[in-house]
Amino acid sequence: MSSSAFRTVPDSADVVIIGGGVMGASTAFHLAEAGVTNVVVLERGDLGCGSSGKPIGGVRAQFSDPLNIELGSRSLRAYRDFPRRPGAGIRLDTVGYPFLLDSERQARDFEAGVTLQNSLDVPSRMTSPEEARRLCPYLSTDGLVAAAYCPTDGHARPGPVVQGYARAAAGAGVTLATHTEVTGIDTAGNRVAGVHTGRGRIACSTVICTAGAWSARIGAMVGVDLPVRPVKRQLAFTAPLSPPVPRIPFTIDCSSTAYFHNSDDGLLFGLADPGQADGFDTTWTPRWLELFRTVARCRAPALAGMETVGGWAGLYEVTPDHNALIGRSAELPGFLYATGFSGHGFLQAPAVGEVMRDLYLERAPFTDVSPLSADRFRHGTGIRPEAHVV
Ligand SMILES: Cc1cc2nc3c(=O)[nH]c(=O)nc-3n(C[C@H](O)[C@H](O)[C@H](O)COP(=O)(O)OP(=O)(O)OC[C@H]3O[C@@H](n4cnc5c(N)ncnc54)[C@H](O)[C@@H]3O)c2cc1C
């Protein structure tokens, strides 16, 4: 499928996609399915070597605004259907997803979110602390006011998603050029003319940037401001546990961002370190685990002492309002982008691939994504900063 033995790239293509993560792969699949097959995906490493290399990804439709709810909800449906289309097992487990809330104000905000989600057919609901504990027996209810819970959310495996989309795209004729770095983009007036790579130049009139945390650099090649900053995020795994771990939901403590869920025979722990500086470094430095254990001591005491046996670090691709950048450049119409998912990219990838297909084909997407245009920061438009930030 992908080839590290790729010596040269094609001389020309209708579309060049920069970045072979979940967004690039989903976009390539949806274009190919629509008959747009003269497409080259350029990935400087292996497919999924960026943020999409995360071992397990949360999937959910619980957001605080209609557009993110629709992107999450449509993607969940696509993930349920993934074994049929494109045709791969992705170990989707809809274990449910509670946000634990420890203040009346949080509870009011999330209640408004639940009302909105229900109006869009998402079966979320508010629960008592006691019900949250029944769902996740590790919890202590001390200090908890409520939880917002959706039983159809859960987690799945990003690796097989990337491979599933990529395999189907390649089968339809898309070229996946791995170990091929983009070094520049040619423009002529307000047109895209070609892409330079370490393996040659590709003439093309459309570039789609799905370069994740590295997208600002790609935008800078053509003078398009993509305000995405890289922020390291880490997680850790426990050893297989005995007695066996109960099947628990993807459980998040809203105030601290500490979260945990099943991972094979153990548990996975995560937390956003508030002191983490921006940067591209992805060295796993387990010091942040102390922050997790501090939260766990009161929220889920049994977890605080569990031994961990390793972990993973990757990059969040963060925008100023924690919402994605999706659209077509007004100044350079041949330049499209889908990036800056701020921790939601895996769960939105199927729907965003569809949207990118439609933006390229100049068809109306299933929902209006214009509030996610990168121009919103210049024009003061857009949607409100995402509240369900994890
Ligand atoms: C610890 C952690 C936990 C997360 N948890 C979740 C979660 O639970 N749910 C969820 O939805 N999301 C989660 N995310 C976020 C999610 O992983 C990302 O939003 C998503 O993977 C972004 O996909 P992408 O395809 O846009 O970017 P990436 O997967 O980063 O792909 C971009 C690709 O572009 C390539 N590239 C960059 N520059 C160039 C160049 N010049 N030439 C060629 N190739 C280039 C890179 O090598 C990379 O492979 C998490 C992220 C982390 C780090």
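Helices and strands here are DSSP runs, numbered from the N terminus; a strand has at least two residues. Keep in mind that this is a predicted model.

**Stop 1: two cis prolines**

Select Ser 242 and Pro 243. A cis peptide bond joins them, with omega at about 0°. Pro 243 sits in the loop between S13 and strand S14 (251-253).

Now select Arg 85 and Pro 86. Here too the joining peptide bond is cis, and omega is about 10°. Pro 86 belongs to the loop between H2 and strand S4 (97-101).

**Stop 2: positive phi**

Stay in the loop between H2 and S4 and pick Arg 91. Its phi is near 50°, a positive value in a residue other than glycine. Is Arg 91 buried or exposed? Arg 91 counts as exposed, because its relative accessibility is 53% and the exposed class begins over 50%.

Next, select His 179. Find His 179 in the loop between strand S8 (175-177) and strand S9 (182-188). Phi of His 179 is near 50°, again positive in a residue other than glycine. With a relative accessible area of 32%, His 179 is partly exposed.

**Stop 3: helix H1 against H9**

Colour helix H1 (residues 22-33) and helix H9 (residues 345-361). Their axes come within 8 Å and cross at roughly 40°. That angle makes H1 oblique to H9. The crossing of H1 past H9 is right-handed. Show side chains at the contact. From H1, pick among others Val 22, Met 23, Ser 26 and His 30. From H9, the contact residues include Phe 346, Val 352, Met 356 and Tyr 360. By class, the contact of H1 with H9 has nine nonpolar, six polar and three charged residues.

**Stop 4: helix H1 against H5**

H1 and H5 pack at about 30°, with their axes 8 Å apart. How do H1 and H5 lie relative to each other? H1 and H5 are roughly parallel, because the angle is about 30° and angles under 35 degrees count as such. H1 passes H5 in a left-handed crossing.

Show Val 22, Ala 25, Ser 26, Ala 28, Phe 29, His 30 and Ala 32 in H1. They meet Val 161, Val 162, Tyr 165, Ala 166, Ala 168 and Ala 169 in H5. The contact of H1 with H5 divides into 11 nonpolar, two polar and no charged residues.

**Stop 5: helix H2 against H9**

H2 packs against H9 at an angle of about 90°, and their axes are 7 Å apart. H2 is therefore roughly perpendicular to H9. On the H2 side, look for residues including Leu 71, Arg 74, Ala 78 and Tyr 79. Their partners in H9 include Phe 346, Ala 349, Val 352 and Glu 354. This contact of H2 with H9 has nine nonpolar, four polar and two charged residues.

**Stop 6: the nonpolar cores**

The largest nonpolar core has 51 residues. Select Ile 17, Tyr 79, Val 161, Val 174, Ile 326, Val 352 and Met 356: these touch the most other members.

Zoom in on Ile 326. Beyond residues up to four places away in sequence, Ile 326 touches, among others, Leu 71, Phe 341, Val 352, Met 356 and Leu 372.

A second, separate core has 26 residues. Ile 202, Ile 218, Leu 226 and Ala 374 are among them.

**Stop 7**

Select Leu 235 in strand S13 (residues 229-238). Leu 235 is buried, at 2% relative accessibility. Its contacts, leaving out residues up to four places away in sequence, include Tyr 259, Phe 269, Trp 284, Trp 288 and Trp 312.

Finish at Asp 321, in the loop between strand S17 (308-318) and strand S18 (325-328). Asp 321 is buried, with a relative accessible area of 8%. Draw a distance to Cys 136, which lies 185 residues apart from Asp 321 along the chain: the C-alpha atoms are separated by 31 Å.

Terms used: Residues are numbered from 1 along each chain as its sequence is written. This is a predicted model: local features need pLDDT of at least 70, side-chain atom pairs count only at pLDDT 80 or more; totals for chains, interfaces and linings use all residues. Side-chain values use heavy atoms; hydrogens and water are left out. Axes are lines fitted to C-alpha atoms, for helices over the stretch in contact, and angles run from 0 to 180 degrees between N-to-C directions. Helices (H or I, at least four residues) and strands (E, at least two) are DSSP runs, numbered from the N terminus. Angles under 35 degrees count as roughly parallel, over 145 as roughly antiparallel, 65 to 115 as roughly perpendicular and the rest as oblique. A crossing is left-handed if the near helix is turned anticlockwise from the far one by less than a right angle, and right-handed if clockwise. Contact means heavy atoms within 4.5 Å. Ala, Val, Leu, Ile, Met, Phe, Trp, Tyr, Cys and Pro count as nonpolar, Asp, Glu, Lys and Arg as charged, and the others, Gly among them, as polar. A nonpolar core is a set of buried Ala, Val, Leu, Ile, Met, Phe, Trp, Tyr and Cys residues joined through side-chain atoms within 4.5 Å. Buried means under 20% relative accessible area, exposed over 50%, partly exposed in between (1.4 Å probe, protein chains only).
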